[in-house]
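This report goes through one structure, from its overall make-up to individual side chains. The sequence and the model come first.

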Amino acid sequence: MPKTRSYHDYLIQSLQEIEESAAYIQAILEEKEPEPELLLMVLKDVVKAQGETSKMIQEDRQNWEQLQQLLKASGGEEIYRFIALLKALKLRTEITVIEGKTAASIMSVK
């Protein structure tokens, strides 16, 4: 019997590459008709994947927990409205990797 791997396990493994995490977040932010619950899911996946390759400091964990509560309550509406405003102004967000930083140091940036 062939062994199979779940897509989610594959996704988490691929998101351990910081560039993949950045692209994953960027993709959800660029959705034309975003599904609010997906933003929180995407961020959870990235935090899980990056958490396996780095150590988030306590302050970062507290910020993450607070952000989760806000996103659960609003569905990320503020973020999507902000992005829509930027688009109206002919601007956009861009999620990129901090140059010269490792995943461990990125997760610790204040």
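What share of the contacts in the protein chain with a separation of 6 or more is accounted for by residues 24 or more positions apart? The share is 71%. The model is a predicted one, and every value below is computed from it.

## Overall make-up

The protein chain contains six helices and zero strands. Along the sequence the pattern reads α-α-α-α-α-α.

Of the chain's 110 residues, 32% count as buried. The accessible surface of the protein chain is about 8000 Å², and carbon and sulfur atoms hold 56% of that area.

In soluble globular proteins, nonpolar side chains tend to be buried together. The largest nonpolar core here has 18 residues, and the members that touch the most other members are Ile25, Ile28, Leu29, Leu39, Leu43 and Trp64. Two or more residues each are given to this core by helix 1 (7-14), helix 2 (18-29), helix 3 (36-53), helix 4 (58-74) and helix 5. Helix 3 supplies the largest share, seven residues.

Tryptophan 64, one of the core residues named above, can be followed in more detail. Leaving aside residues up to four places away in sequence, tryptophan 64 touches Leu40, Leu43, Lys44, Val47 and Met56.

## Salt bridges

Side chains of opposite charge can pair when their charged atoms come close. In the whole structure, the search finds two salt bridges.

One of them joins the side chains of arginine 92 and glutamate 30, at 3.8 Å from N to O. Arginine 92 is in the loop between helix 5 and helix 6, while glutamate 30 is in the loop between helix 2 and helix 3, so this pair ties together parts that are 62 residues apart in sequence. Arginine 92 counts as exposed because its relative accessibility is 56%, over the 50% cut-off. Glutamate 30, at 43%, counts as partly exposed.

The side chains of glutamate 77 and arginine 81 also meet in a salt bridge, at 2.8 Å from N to O. Both residues lie in helix 5, four residues apart, which is about one turn of the helix. Glutamate 77 has a relative accessibility of 40% and so counts as partly exposed, whereas arginine 81, at 57%, counts as exposed.

## The loop between helix 5 and helix 6

Where is lysine 90 placed? Lysine 90 is in the loop between helix 5 (77-88) and helix 6 (103-107). Most residues other than glycine have a negative phi. Lysine 90 has a phi near 65°, a positive value in a residue other than glycine. Its relative accessibility is 74%, so lysine 90 counts as exposed.

Is leucine 89 buried or exposed? Leucine 89 has a relative accessible area of 52%, and therefore is exposed. Leucine 89 is also found in the loop between helix 5 and helix 6. Together with Leu85 and Leu91, Leu89 makes a nonpolar surface patch of about 300 Å². Arginine 92, of the salt bridge with glutamate 30, lies in this loop as well.

Key. Residues are numbered from 1 along each chain as its sequence is written. This is a predicted model: local features need pLDDT of at least 70, side-chain atom pairs count only at pLDDT 80 or more; totals for chains, interfaces and linings use all residues. Side-chain values use heavy atoms; hydrogens and water are left out. Buried means under 20% relative accessible area, exposed over 50%, partly exposed in between (1.4 Å probe, protein chains only). Patches are made of residues with over 30% relative accessible area and no salt bridge: like charges are joined within 9 Å, nonpolar side chains (Val, Leu, Ile, Met, Phe, Trp, Tyr) within 5 Å. Accessible areas come from the Shrake-Rupley method with a 1.4 Å probe; for residues, only the protein chains shown count as cover. A salt bridge is a side-chain nitrogen of Lys or Arg within 4 Å of a carboxyl oxygen of Asp or Glu. A nonpolar core is a set of buried Ala, Val, Leu, Ile, Met, Phe, Trp, Tyr and Cys residues joined through side-chain atoms within 4.5 Å. Contact means heavy atoms within 4.5 Å.
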